[in-house]
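Please look at the model below before reading my points.

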Amino acid sequence: MTTQDKDRVLIFDTTLRDGEQSPGATMTHEEKLEIAELLDEMGVDIIEAGFPIASEGDFRAVSEIAKRSKDAVICGLARAQLPDIDRCWEAVKHANRPRIHTFIGTSPLHRAIPNLTMDEMAERIEQTVTHARNLCDNVQWSPMDATRTEWDYLCRVVEIAINAGATTINIPDTVGYTAPVESADLIRRLIETVPGADEVVFATHCHNDLGMATANALAAVAGGARQIECTINGLGERAGNTALEEVVMALKVRGDIMPYYTEIDTKKIMHISRRVSTVSGFPVQFNKAIVGKNAFAHESGIHQDGMLKNAETFEIMRPEDVGLSGTSLPLGKHSGRAALRAKLRELGVEVGDNQLKDIFVRFKDLADRKKEVYDDDILALVTATTDGPQNRLELVNLKVICGTGGPATAELEMEIDGVEKAATCQGDGPVDATFKAVRDLHPNKARLQLYQVNAVTEGTDAQATVSVRLEEDGIIATGQSADTDTVVASARAYINALNRLLVRRDKTGKDVKEISYKDVH
Ligand code: KIV
Ligand code: ZN
């Protein structure tokens, strides 16, 4: 073990790499910078910011995140190839604390892809880790698909990586195959068996294919791992990765049986969860542990009665611990800017003066239409005012006629590149008519992949948050918006997604992934 406190568990967030790799979760450059800043502020120890050789866009994002980083180590991913490692170093070297993370698939199935013998692969590991270590004194090495790699070979390659200078050894359960007992045992045996293992940090990287990613990561910690790799909301390919909020809160709440700690400011969890959901376009399921809409909701009579008498009857953690305001006193139309700022702070959201001004204007508008503005409404307003790219398409006016009498009609006015245009279209319901009118004014081939509406709070005057995901020529973009009028929110979300597509198309080949780490070994 290094000088790290023996009970401290490092949190390695890979939302921007493994999470963003999930089909459809692509984020814009600005969104990546924003999420990285939030991760740094919340106390994440290591941010895996991307895979620099994958595309120009990834390289730019990792470099910029590295330049802007404060306390977190900034890490980039590289395959076991010298040009990958060089490119990774070019991007992360700007960070106060850079790290190169290099990996190769070591299981029989993965070895077959580059068609390397065991000896050839061992040699490649030696060469690439040594190269990385000559560039950077903080090097992480991963045997991809470690949990399906032969035990003797795993020990052999881990030892080679340690001798070549790796400072962190990550043991990935790439396909979510392991189970808690095995996960703990694997790390424990590696630490006991491999010479030099006590000189490095062991990390665990679990995928959730069998729904055991959180349990497996915590078990690995019991076995001796001191770095958990995870993503916000468990974002990631297939069933996703270990969810950051779950492991962090599990360690906090069950310190009695898991005597380890992290340095995460848990009050910032809710805000970052919502931002990641918004920018990735992946909604959080209602009953998701810690960050789901219902995670702290107590509907049944027995539960509500118990909660009123003593919150601990049914709550093992307080909503405010994860950044939900405990009192949840709604704001109203007489609340001023100071009250709004105080509420935002309570919710773990720090905004600059200009953004506060924008949120305040929207808040006043909402408070005029809605008697009580709840925490969730405020967070939805933050989302709606954090829109990155400069918009070429703007909604000016929308009037919809719908009901039982016939097809719905949408009269739409939009500003396109500064010019106002109007269209009237009929459709199968108000949303269909509105989207047709948008397409009439801005013809496009984008395919609707997702259209989703959620009520932010209770009541018929609740705001609706709408997510729209579009795909055009392999480029995917997601737009979101919130409004008490569902059709207006839908129109804005659709236009928002189109604006993002325009930005991505303008720099074709830059923000779009060109290769994935699975393509070449
Ligand atoms: O799941 C995996 O094996 C990975 C590696 C690149 C660490 O994400
Ligand atoms: Zn992974």
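1. A definition to start: donors are N, O and S atoms within 2.8 Å of the metal (3.2 Å for Na, K and Ca), and sites may look incomplete because water is not among the atoms. This is a predicted model, with local features needing pLDDT of at least 70, side-chain atom pairs pLDDT 80 or more, and totals for chains, interfaces and linings using all residues. Numbering runs from 1 along each chain as written, chains are lettered from A and ligands numbered from 1 in written order, and side-chain values use heavy atoms, without hydrogens and water.

2. The donor residues of the zinc ion (ligand 2) follow the spacing D-x186-H-x1-H. They are D18 (OD), H205 (NE2) and H207 (NE2), at 2.0 to 2.1 Å. D18 sits in helix α1 (residues 15-19) and H207 in the loop between β7 (201-206) and α9 (213-223), so the pair ties together parts 189 residues apart in sequence. Helices (H or I, at least four residues) and strands (E, at least two) are DSSP runs, numbered from the N terminus.

3. D18 and H207 are both buried. Buried means under 20% relative accessible area, exposed over 50%, partly exposed in between (1.4 Å probe, protein chains only).

4. The whole structure holds three aromatic pairs. Rings of Phe, Tyr and Trp (its six-membered ring) pair with centres within 6.5 Å; planes under 30 degrees apart are stacked, over 60 edge-to-face, the rest tilted. F360 and F363 have ring centres 6.0 Å apart and planes at 35°, so this pair is tilted. Both residues are buried.

5. F435, Y451 and Y494 are linked into a cluster by ring pairs.
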